[in-house]
Amino acid sequence: MTDRNVESVLDLVRPSIREMSPYVGGVQISDYENWAKLNQNEFPYPPAPRVLEVLDYIKTHPHLLHRYPPGDHKELKKRLSAYLKIQPEQISFGNGSDEVLQNIGLVFLDKGDRYAYGSPDYSMWPNYQKLTGSMPVIIELPDGYTLPIDEIIKAKPKLATFSGPNTPSGAATPIKDLDRLVAELDGIFVDDEAYADFAEDDALELVRSGRYPNLIVTRTFSKAFGLAAERLGYALGHPDIISRVEAVRLPYNVTIVTYLMGLAALEPESIEHTRKLVGEIKAERAKLTQDLTELGFYVRPSQANFVLARGRSPAVAKMLYDRLAENKVLVRYFDSGRLSDCLRITVGTPEENERLLEKIRELSKQVSQ
Ligand SMILES: Cc1ncc(COP(=O)(O)O)c(C=O)c1O
């Protein structure tokens, strides 16, 4: 056997993958009870009671764990189809919407293909670009963070992915503008609706209409359904396009626990439970926006479960982030360019939001003394 050095093996790694690094999300902690954790746009409440009952069901049906889970997601598709009023053939499930978005990239992007995505927007877009070796076409969002429709059309991408409502701003592009965009775009448009449950409008009607085979909407159970840890997301689109997304997904990509929890989350009483809590989050979002504004931040109206609060300067924003963390209040700070004077704050429970505001009030007093 000859000795081999690692460099010669590293040379075999595809060039675009050499530049990739693992996803880094918001800070994670283990003793949640002691923190106000407002940094990852999670739902602050557990899932509906029927969802939690799945854990008991698994205990009395342990064979479910040593058999493979359903591979075709048939029952889950049926239930989601009834909930969304969309055909089961128009749905593809994944391990979070992250997997579904990656699958879409694999379906459409070859080396060198034009791939447009927004900035600031979801931090995974550059990863899908590198993964596929496609050509990045980065679209800088204007001040209000809504989509520059004509610019996207003129960029002639093969694939475009944008979050709506946008992260990190919570801004939503009017659906009539999206309608024009997909009507005029030659390529495929992916509307990442991770936060649509908190918004006034969504693109489901455009999918239902069947007018645009070049439109794919992605969604998740991670936010409003309180199931971030279970990893369940899905894509919606034209059946013939969705069949290609289904073709590239991994076998058995949804675990049995997740699958059963997805079914339980779509039962009428769970949906009612979720709807009520989403209403509460929206009311808290309005209150948080007003209170932060009174404390001197510029907070743009958000249609998601978070707000973007602009402070006086990058130094103040960073100082607040650090001092809040010392006080066990976690928010998100982006140490770069346009967002460096901002904090992105997830809307939490009324108690968590009050704790955040209280700490900011205390810190502001100390700074002005
Ligand atoms: C805009 C956006 N899209 C997709 C995702 C991924 O969600 P999931 O948990 O379904 O993978 C997130 C997660 O925060 C997000 O912010």
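This note sets out numbered points on a predicted model, taking the ligand shell, the helix contacts and several individual residues in turn.

1. The surroundings of the ligand. The ligand is surrounded by 13 residues, and the closest are Gly-96, Ser-97, Asp-98, Thr-220 and Ser-222. By class, this shell holds three nonpolar, eight polar and two charged residues. Helix 6, which covers residues 96–108, gives the most to the shell, with three residues.

2. Helix 6 and helix 7. Helix 7 covers residues 125–132, and helix 6 packs with helix 7 at an angle of about 35°, their axes being 10 Å apart. The crossing of these two helices is right-handed. On the side of helix 6, the residues that take part are Leu-101, Gln-102, Gly-105 and Leu-106, and they meet Tyr-128, Leu-131 and Thr-132 in helix 7. This contact comprises four nonpolar and three polar residues, with no charged residues.

3. Helix 6 and helix 11. Helix 11 spans residues 239–248; its axis and that of helix 6 come within 9 Å and cross at roughly 105°. Angles of 65 to 115 degrees count as roughly perpendicular, and helix 6 and helix 11 are therefore described in that way. In this contact Asn-103, Ile-104, Leu-106 and Val-107 of helix 6 meet Arg-244, Val-245 and Val-248 of helix 11. The residues involved divide into five nonpolar, one polar and one charged. Leu-106 should be noted by the student: it takes part in the contact with helix 7 and also in the contact with helix 11.

4. Helix 5 and helix 12. Helix 5 (residues 74–84) packs against helix 12 (residues 256–265) with an angle of about 25° and with the axes 9 Å apart. Angles under 35 degrees count as roughly parallel, and this pair is therefore roughly parallel. The crossing is left-handed. Glu-75, Leu-76 and Arg-79 are the residues of helix 5 that meet Tyr-259, Gly-262 and Leu-263 of helix 12. Three nonpolar, one polar and two charged residues make up this contact.

5. Two cis peptide bonds. Which residues does a cis peptide bond with omega of about -5° join? The residues are Gly-164 and Pro-165. Pro-165 is in the loop between strand 5 (159–163) and helix 9 (175–184). A cis peptide bond also joins Thr-167 and Pro-168, with omega of about 15°. Pro-168, too, is found in the loop between strand 5 and helix 9.

6. Arg-231. This residue is not a glycine, yet its phi is positive, at about 65°. Arg-231 belongs to the loop that lies between strand 7 (215–220) and strand 8 (233–236). Is Arg-231 buried or partly exposed? A residue is buried if 20 or more other C-beta atoms lie within 10 Å of its own; Arg-231 has 19 and is therefore partly exposed.

7. Lys-328. A positive phi, of about 60°, is also found at Lys-328, which is not a glycine. Its place is the loop between helix 14 (314–326) and strand 11 (329–330). Lys-328 counts as partly exposed because 14 other C-beta atoms lie within 10 Å.

8. Ser-340. This residue lies in the loop between strand 12 (332–333) and strand 13 (342–346). Its 15 C-beta neighbours inside 10 Å are the reason why Ser-340 counts as partly exposed. If neighbours within four places in sequence are left aside, Ser-340 is in contact with Pro-314, Ala-317, Phe-334 and Asp-335.

9. His-63. Why does His-63 count as exposed? Residues with 12 or fewer other C-beta atoms within 10 Å are exposed, and His-63 has 6 such neighbours. His-63 and Arg-300 are 237 residues apart along the chain, and 50 Å separates their C-alpha atoms.

How values were computed: Residues are numbered from 1 along each chain as its sequence is written. This is a predicted model: local features need pLDDT of at least 70, side-chain atom pairs count only at pLDDT 80 or more; totals for chains, interfaces and linings use all residues. A residue is near a molecule or strand if its C-beta atom, placed from the backbone, lies within 6 Å of it. Helices (H or I, at least four residues) and strands (E, at least two) are DSSP runs, numbered from the N terminus. Ala, Val, Leu, Ile, Met, Phe, Trp, Tyr, Cys and Pro count as nonpolar, Asp, Glu, Lys and Arg as charged, and the others, Gly among them, as polar. Two residues are in contact if their C-beta atoms, placed from the backbone, lie within 7 Å. Axes are lines fitted to C-alpha atoms, for helices over the stretch in contact, and angles run from 0 to 180 degrees between N-to-C directions. Angles under 35 degrees count as roughly parallel, over 145 as roughly antiparallel, 65 to 115 as roughly perpendicular and the rest as oblique. A crossing is left-handed if the near helix is turned anticlockwise from the far one by less than a right angle, and right-handed if clockwise.
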